[in-house]
Amino acid sequence: MAYDRVNRNGLFKCMRVLGFPELLIRLVAMYLRGNCGKVMVQGKTSREFEINKGLRLSTKANDIIL
């Protein structure tokens, strides 16, 4: 699975269809909110940008979500 391609709204919609409790869906949304990143190219770092799709990698939460 490509974690960087996960559509978060689609994930939440699927969770609702599958009967996940709304509280859990809100907790997952809160966990995913506020991700930021920077890119370094040839030693220069970009400005910080918001990451608004995909999932964080290498966390126990991903094991629960997926």
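This is a predicted model: local features need pLDDT of at least 70, side-chain atom pairs count only at pLDDT 80 or more; totals for chains, interfaces and linings use all residues.
Cys14 is partly exposed, and its relative accessible area is 46%. Now select Cys36, which is also partly exposed, at 44% relative accessible area. A disulfide is a covalent bond between the sulfur atoms of two cysteines. Do not look for one here: the structure has zero disulfides.

Next, go to the core. Select Val6, Leu11, Phe12, Met15, Ile25, Val28, Leu32 and Leu55; these eight residues form the largest nonpolar core. Color helix H1 (8-17) and helix H2 (22-32), the elements that each supply two or more residues to this core.

Stay with H2. Which residues of H2 are buried? They are Ile25, Val28 and Leu32. Turn the view to look down the axis of H2: the buried residues fall within an arc of 60°, so they line one face of the helix. Then step just past the end of H2 to Gly34, where phi is positive, at about 85°.

Now move to Arg8, which is in helix H1. Arg8 is buried, yet it makes no salt bridge. How far away is the nearest side chain of opposite charge? That side chain belongs to Glu50, and the distance is 6.1 Å. A salt bridge would need a side-chain nitrogen of Arg within 4 Å of a carboxyl oxygen of Glu.

Finally, show what surrounds Arg8. Leaving out residues up to four places away in sequence, Arg8 touches Leu32, Asn35, Ile51, Asn52, Lys53 and Gly54.

Definitions and conventions: Residues are numbered from 1 along each chain as its sequence is written. Side-chain values use heavy atoms; hydrogens and water are left out. A nonpolar core is a set of buried Ala, Val, Leu, Ile, Met, Phe, Trp, Tyr and Cys residues joined through side-chain atoms within 4.5 Å. Buried means under 20% relative accessible area, exposed over 50%, partly exposed in between (1.4 Å probe, protein chains only). Helices (H or I, at least four residues) and strands (E, at least two) are DSSP runs, numbered from the N terminus. The arc is that of the directions from the helix axis to the C-beta atoms. A disulfide is a pair of cysteine sulfur atoms within 2.5 Å. Lys and Arg count as positive and Asp and Glu as negative; His and the chain ends are not counted. Contact means heavy atoms within 4.5 Å.
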